Amino acid sequence: MSPGRGNSGFTRAMLVLGFVFLYAPILSLMVYSFNESRLVTVWSGFSVKWYGELFRDQQMMDAAWVSIQVAFWTACASVVLGTMAAMVMTRFRHFPGKTLFGGLITAPLVMPEVITGLSILLLFVSIGPVIGIGEQRGMLTIWIAHVTFCMAFVTVVISSRLQELDRSLEEAAMDLGANRLKVFFVITLPIIAPALISGWLLAFTLSLDDLVIASFVSGPSSTTLPMKVFSSVRLGVSPKINALATLMILVVTVAAVIGWWVMTREDKKRQRDIQLALQKG
């Protein structure tokens, strides 16, 4: 057997072990969500009663609804602000303070969430009485904190796509009389649409998953789903948590498949349009 084949077999084995290490606990969790027993590690028969218990838990449902609302609006705002920041970083080559602006945009990527949450909390405490935000912490303060955190990730995703964009397409449109606003909506936006979808899904997932920052800026009436799950797990893992995790995995999987399908379709359409343009040229 040649050394190349041996290395290939070892690489495949390590890849399989890596996937097993990552996904075996998730699959086990999904299987035990259908366990009849209250003990999450003892199988006593198939049952879906814990899904019924989950939907009858009003506090858990309220927390899930709060998280979904915050995550949705966080993703939308992060995409808008992230696109604006990415356009500034990639289209404006030189302006005073560009390095500082880029550093401030990407700071949440490397800053510990504890520091981010504490700093935003202190901001609300200091200027909240002046602007009327932060005195009664709730969904609004969580949304502001999550946008601050998620916008950095969205900016990086969209900036990488804009840097790869062929500027000649935009220049040709402007030569034909289109202004910059029309060029952005007609030329640039359709091309970077896959990056926008990826950024939206990433921001939605980060917001839905966040526990640390939300713990600092939330109030008694705005408990998020991760906070509720964390407080429940400390008292002992309930099969309801397994059922909740299974539903979240299914939702995320469906969203990822839809996003992949949309991005693949847009990419094929873009390649087809480029080929048609080259043939006409």
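A: Let's start with the record: an unreviewed UniProt entry lists residues 12-34, 63-88, 100-128, 140-162, 183-203 and 241-262 as "transmembrane region" (positions follow the numbering used here, feature names are shortened, and annotations may be inferred rather than shown by experiment). This is a predicted model, where local features need pLDDT of at least 70, side-chain atom pairs count only at pLDDT 80 or more, and totals for chains, interfaces and linings use all residues. Residues are numbered from 1 along each chain as its sequence is written, and side-chain values use heavy atoms, with hydrogens and water left out.

Residues 63-88 are 100% helix and 0% strand, with 37 Å between the end C-alpha atoms (helices are DSSP runs of H or I, at least four residues, and strands are runs of E, at least two, numbered from the N terminus).

Now the close-up. Asp 210 sits in the loop between helix H9 (193-209) and helix H10 (212-217). Asp 210 counts as buried because its relative accessibility is 4% (buried is under 20% relative accessible area, exposed over 50%, partly exposed in between, with a 1.4 Å probe and protein chains only). A polar atom of the Asp 210 side chain lies 2.9 Å from the backbone nitrogen of Ala 214, and one lies 3.4 Å from the backbone nitrogen of Ile 213. Setting aside neighbours within four places in sequence, Asp 210 is in contact with Glu 113, His 146, Thr 224 and Pro 226 (contact means heavy atoms within 4.5 Å).

For contrast, take Asp 175, which lies in helix H7 (residues 167-175). Asp 175 counts as exposed, at 67% relative accessibility.

Definitions and conventions
Polar contact = N/O pair within 3.5 Å; in protein donor to acceptor, adjacent residues only side chain to side chain.
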